[in-house]
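Hi,

Here is the model I promised to pass on. Could you have a look at it before we talk? My notes follow below.

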Amino acid sequence: MHISLFITCYNDTLFPQTGRAVVAVLERLGHTVEFRQGQTCCGQMHYNTGYQAEAMPLMRRFLEVFRDDETICIPSSSCVAMIRDHYPKMAAVSGDPAVTRAVEKLLPRIFEFSELLVDKLGVTDVGAFFPHSVTLHPSCHSLRSLHLGDKPERLLKQVRGLTLIDLPEADECCGFGGTFAIKNVEVSAAMLSDKLRCVLGTRAEICTAADNSCLMHIAGALSRQRTGIRCLHLAEILASTEAGEVS
Amino acid sequence: MSIRVGEAASAPDFPVAAKKLVSNAQIRQNVRRATDVIRNKRARVVAEVDDWEQLRDAGHEIKEHVLRHLDFYLQQFEAACTRAGGVVHWASDADEANRIIVDLVRAHEATEVIKVKTMTSDEISLNRALQAAGVTPYETDLADLIVQLGDDQPSHIVVPALHRNRMEIRRIFSEKMNLPDLGYRPEDLTEAARAYLREKFLRVPVAISGANFAIAETGAVCVVESEGNARMCLSLPRVLITLVGIEKIIPKFRDLEVFLQLLPRSATGERMNPYNSIWTGVSPAGGPREFHVVLLDNGRTNVLADDVSRETLDCIRCGACLNACPVYRQTGGHAYGSVYAGPIGAILTPQLQAMQHSQTLPYASSLCGACYEVCPVKINIPEILIHLRGRIVEENHAPLVEKLAMKAAAFALESPERLSLAQKFARIAQFPFTHDGVIRHLPGMLAGWTSVRDLAPIPKQSFRQWWAQRQREPRL
Amino acid sequence: MVGATPERAAPLIMSVKQDIIDRIRNATGGSSITNETEYESINRHYRQVGVLDPAARVELFADRLADYGSPVYRCAESEIAPTVAGILTERAKTGLLVPRDLPRVWLPEGFYFFRESPDYHELDSSEGVLTDCALAIASTGTIVLRHAPGEASRALSLIPDYHLCIVFPAQIVETVPEGIRQMSAFATLPITTISGPSATSDIEMTRIKGVHGPRTLEVILVT
C-alpha cells in the first residue's frame, strides 16, 4: 500500500526518530511511504489556545498537501483528534464550501499509527523485538477522542521479549495539555507528579504512548528526577528488532 | 446593570490562586479523597443503568429545547405559578434580586431568615445584602453551615466544605456553637448541627431557597436534597422566597422523569437522593402562606446570546465534572475565584460576566475531556473552553507576549521553508542552554517548562531533512 | 393571596420583565409561539416502563429499603393493626401521630393515636408518625407522599424523629418514569419523595444518617 506520512510539526522538529521508526515499520511490512515536503502543521496548538484565525491557513495547507492521498498516517493522537473533531467546524466557519467538501473527503483517509496498523492494514504483529518492561500511557486524545481502545496494547503484546505492565490510574490526564503546561505550570506539574508516581510504581523501564506530546512532558520529569526511566513513542518500540532500536 | 458572580471579578488569576493551593498539602489530600469517593460511587450507580446514554441524550435535548424557547417557558411558568397563589418577581442582576428579597423580608419585619443551599444566592452575594439590611441569614445545609460558621467560601458545587476535614469542622462548631466538649466523630458533628438548626427551623418565619428545577407547565418548583433541611425550610416557615436562575426552567412535569434520574446518580452517586420536594404556589393543606419566586438573569442572557456556548446553561449543577477534573483535583474550588468552580465554573463564570472578567478560567484546563464524559446533559465543555479562548483572543484580552509568540509561530508554520528556517534558528538558539545533552533552564515564557521538567535538545536533523537526504542517497 | 408590591411600582416591574424577555429574544432570535411540535420530537429512548412482574417489583422495593437500613415488616391487609401494635411495643412507644384521614381500622387498641397538631413543638416532642403513601418506586426504593388536606402534612412527615409508613403492593411501580407518570395525576399538590433516611456526606465524605428528617424510617409492606 502507498502510505502518505504526516509527521506533525513537533515530531518533525523534536522527535524525528519517531518518524524514522514509522517508516521502518511500514517498509518492513512491505508498504511504500511517501513524505510530502509541503506539509507543516495541523494547527492544533493555535486552535486550542484561542488563535483560531491563525489555524485556518494551516488547515488549508494540510488539505492542499494531502489532497490526493488515499491513506495518511499520523503518529500523533492529538493531531488526528484536531482534524477529526475540529476541521469540520473550522470548515463551517470558513464559509467556503470547497473547504467543507475537502474536509469531508479527508476524514476517512487519516489514521493514527496504531489505527493504521490494526484497522487498515489488519496487523498486530509487526515483527518487533524489544526485550524490556514497558508501561503504556493511553493519552486523553487516544482515549476520549479517537477511542483507540486496546489497539496500542494489542500491538505491544505481539512484541517479542516485551513485558507489558498495566499503568494504574491510566486514564488520568498527564497534565501536558499543550500551552496549558506553560500557562498553568503549577497545576501541570502537580498532575505530572501524580502520573509519575504511577509510572514509577510499575517499575517499568520504559513509558510509551501514541503521543510524543505527553511523552515529552513525562520524560521531562523522569529526566529531572534522574529516574533512569525513558520514554519511547509506540512506533519506536514497534520498529525495534533483534538488530536493535531504530534511532 | 450590575452583574455579579460572587467576588469573581476581583479574584486572582487562576494560575496565581492555583499556585498557593497546589502547595497546600491538606487541601490536596482532602480534595483527592473526596473526589475519589464520589467518582467511584457515581461510576457504580451509572453502570447499573442500561439506558444511561439515552437519558443523557434526552436531558440534553430537553434543555436545548427550553433554551431555544426560554421566553415562552418563563412566561408560562409565571402564569401557572401565579394561578396557584405564588408571586413571581423578575431581576435583571444581582443588585435587583437582592433588593427584591430584602424588601420582602423587611415587609414581614423579619430579622432572621433560614436558608436552603443555593449557589445562586452566593452568586449574587445575598447574605451580605441581608446582613447590611440588619437581617441575619442562617445557612441550614451542613456544608454551608460549616462554610458560614468558618467565615469561608464554598469550594465545590455539591460538597461545599470538601476542603475541610473533621478536626477543622470540630474546631469551628465548638467555637461558634459554644460546645467545648464536642467530639470529633462525624456523628458528633452532625448531632451538634441537628440541635443547633432544629431550634431555628421551628421558629424562624421566613425562608429563602433556590430551586433545582422550575416546571413551566404547572408552575411547580422542585428542590433535591439529602439532609432534610430543605424540607424544613420549604414547609415550616410562613413565608418562602425562592431564587431561581432563568435557566432552571424545564417544560413539563413529566420531564422530571429524566432529570430525577440524571441528577442523583451524577451528583452524589445515589440511585435517588433522600428527599425531593415539589410544590406549586401556596397550598390549602399547609406549608407557607406566602410564596415568592425571584427569576434571575444576572448574565444568563449573555450566555444565551452565544449559540456555540449557550449549552453552558444546560447545566443541572450536579458537580460530576468537578469530580472528574484532573485540574480541580489538584487545587479544589477556591482556585477558580468563583462560586462556580471546576469545568462548569470555567465556562459559566466568564460568560455570565460577558467575558469581561475571569479570563484565565477558560485556560484552567488541559482539555482532557473527562468532564464531557461524565456530564449528564452532555455539555461539550472542552469545545466551549476552546471557543471561549477564541473569544478572549478576538476581544483582545490575550497577553501581549503570548500573542506575539503565537503570531511568530503561525508565521513560521505557514510554509515548509519558513518552518525549516525556524528549526535551524532554534537549533542555534538552544546552544547556550544545552549542557551534556539536556536543557535544564530556558528563558522567558519557556521558563515555566524548565522549572519542573528537563527538555531534550532539538535534534541536529529534522525528519524532513533526514527524508530529503534519504531520497538523495540511492538505496541498496 | 398576598401581593407584596404597591400599584405604582407595577410599570417598573413590567419593564424589568420585558427587558429580560427582550434580551432572551435577541439572544435566541425571535419569539416562538408554538413549540409543542418541537417538544414532542425530543428523543426519549430511555426506559419508560419496567420489566418486572408484581412480585419481583415488591422484592426489589424491599431490597432497596434494606440497602437504606429501613426495616421492612410484611403482613396481610387484615393484619395491619396488630403489626403496628407489635412494632410500637418493640420500640417502647405509647402511640403515634396520624393524619386525619388515615383508615381507623389500621390503628390497634391500647395505643394513643393523635391527629396532627399545627404546633411544631408538639410534633417535635411526639413519639413519631404513622402514614400511608401515594405510591412507591421499586428501582430507587422511593416512597412518595402527597400532601392533600386530610393526608399527612409536610410538617407531620418531617418533624417527628420516627416515621412508620404503610405501602401496598399495588402502589409500587418499577421505574422512575412510571412513578412520575402517576404523580402527574396530583402534580399541583405538594409532593415529597423519600428514599431512605436523611443523610449527609459533607464531613470527609463519610455518610452519616439522620441529619434533620426522621432518623428512623420503617415500612409495613402489605402482602
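In strand S4 of chain B (residues 206-209), Ile208(B) is the bridge partner of Lys115(B). Keep in mind that this is a predicted model. Lys115(B) sits in S2(B), which covers residues 112-115, and S2(B) and S4(B) pair in the parallel sense over two bridges.

S2(B) has another partner too: strand S3(B), residues 136-139, pairs with S2(B) over four bridges, again in the parallel sense.

Now to where chains B and C meet. Chain B puts 80 residues into the contact and chain C puts in 68. On the chain B side, helix H3(B) (residues 52-68) gives the largest share, with eight residues. By type, the residues on that side of chain B split into 41 nonpolar, 22 polar and 17 charged.

Last, the domains of chain C. The assignment gives domain 1 as 9-40 and domain 2 as 54-222. How far apart are the C-alpha centres of these two domains of chain C? They lie 42 Å apart.

Cheers

Key. Residues are numbered from 1 along each chain as its sequence is written. Chains are lettered from A and ligands numbered from 1 in the order in which they are written. This is a predicted model: local features need pLDDT of at least 70, side-chain atom pairs count only at pLDDT 80 or more; totals for chains, interfaces and linings use all residues. Two strands pair if DSSP finds at least two bridges between them. Two residues are in contact if their C-beta atoms, placed from the backbone, lie within 7 Å. Ala, Val, Leu, Ile, Met, Phe, Trp, Tyr, Cys and Pro count as nonpolar, Asp, Glu, Lys and Arg as charged, and the others, Gly among them, as polar. Domain bounds come from an automatic or database domain assignment.
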